[in-house]
Amino acid sequence: MRLNLAVVDLIPGVSRRGRREFAGIFAVLFYCYGLVMAIRGEALRYLWGAGRGGRVEAVLIVVAWAVLYIGTVTPVLLGRRVDGRPRRGFFRRLRANPAAVAGLCVVMVLICAAILAPVMSVADPTAQESAGITRYRAPSLDHPMGTDRFGRDVYSRVLFGARSTLAVAVVSVLLAVVLGTAVGVMSGYAGGLVDEIVMRAVDGLLSFPRLLAVLTLVALFSNAYPLLVVAIAATGWMGVTRLVRTEVLRVKEREFVQAAVASGIGRWGLIVRHLLPNSAGPMIVAATLNVGGVILLESYLSFLGLGVQPPAPSWGAMVFDGRDVLLEAWWVSAFPALAIVLAVTACNMLGDGLHDALDTRA
């Protein structure tokens, strides 16, 4: 009987407990993702035979499908009853916020669409064949979101543009969170003069406009992808530092931390086992909210021609390309702009929900 229950729990979307938690969301995405792979199987096989780059793409697509499966069954396994009572906590609090659930769904859909871009696209996003004939075509079955001035398919460019925009946002935010967390923990743990010096330096950096700082760095050095990510990360870690430092100062005075110090725990043991885990909530919330801000920042840079460089598509650059034909060919700018709005709104909604769900004091 126990074996049968375990097998049921490992089938996406079958378990009643799984549907009650967020496994249901991942299960829907898992089956939709698999359906797209099945329908576009020919494109997947073409990727595998297109050389090393294509094989990397194909492996990434399959690995992402496996990650969705793990996300489907993990909440079910964690939600099993213990001593006759279900485990309650983070999932229950997050589920109580419909806006956060909607934000999570939109974010997951955008990520899946970005990963599946080589399979879901209907044309090469950089192809300019017969531009004089196919330019500025309205949305149709052949081109679901129309074409731009070079005859390139806007739908395919939005899919591949999600890769560029989301990759810049996620990587730069991860770098900023790592740096900000390290500085915040060091400042909060050291206290005294070190804390004062670090915080005054952070206040000075925060007083400088971020957009102007990124524009200056990109203009002085280069707008290549790695330097663009580093420039955005270098101007976005200060807010994380303040949040983590405040949380470390609060946790450092708690009784369990004092007991750990009295028991002889070392400095690094105290930081790794107590201070960092108890500061994870603000870190996760700050990262989620910052992703939306960085998406806008990257869109500003691409709009000004300082972001991801052509022919690689980017949402901000696509909006810029359609600025002269907003009335005649509105779809050139409208669809990438809608993608930006959806991504930023979803990240903000998810961030607010995570803040409430991770705040156990509320």
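Helices are DSSP runs of H or I with at least four residues, numbered from the N terminus. The structure is a predicted model, in which local features need pLDDT of at least 70, side-chain atom pairs count only at pLDDT 80 or more, and totals for chains, interfaces and linings use all residues. Residues are numbered from 1 along each chain as its sequence is written, and side-chain values use heavy atoms, with hydrogens and water left out.

**Exercise 1. Helix 16**

Task: Determine how far helix 16 reaches from its first C-alpha to its last, and which of its residues are buried.

Solution.
1. Helix 16 spans residues 267-278, twelve residues in total. The expected span is 1.5 Å times one less than the number of residues. The computed reach is 16 Å, close to the expected 16 Å.
2. Apply the burial classes: buried is under 20% relative accessible area, exposed is over 50%, and partly exposed lies in between (1.4 Å probe, protein chains only). Leu270, Ile271, His274 and Leu275 are the buried residues of helix 16.
3. These residues lie on the same side of helix 16 because they cover an arc of only 130° around the axis; the arc is that of the directions from the helix axis to the C-beta atoms.
4. Trp268 and Arg273, on the other side of helix 16, are exposed.
5. Contact means heavy atoms within 4.5 Å. The cover over the buried residues of helix 16 includes helix 10 (154-190), helix 14 (238-252) and helix 15 (255-262).

**Exercise 2. Salt bridges**

Task: State how many salt bridges a search of the whole structure finds, then examine the pairs Arg152 with Asp148, Glu196 with Arg200, and Asp324 with Arg323.

Solution.
1. The criterion is a side-chain nitrogen of Lys or Arg within 4 Å of a carboxyl oxygen of Asp or Glu. The search of the whole structure returns ten.
2. In the pair Arg152 and Asp148, the closest N and O atoms are 2.9 Å apart. Both Arg152 and Asp148 are buried.
3. For Glu196 and Arg200, the N to O distance is 2.6 Å. The two are about one helical turn apart because they are four residues apart in helix 11 (residues 192-206). Glu196 is partly exposed at 41% relative accessibility, and Arg200 is partly exposed at 43%.
4. For Asp324 and Arg323, the closest N and O atoms are 3.9 Å apart. Asp324 is exposed, with a relative accessible area of 59%, whereas Arg323 is partly exposed at 38%.

**Exercise 3. A network**

Task: Identify which residues are linked with Glu196 in a network of salt bridges.

Solution.
1. Start from the salt bridge between Glu196 and Arg200.
2. The network links Glu196, Arg200, Asp203 and Arg242.
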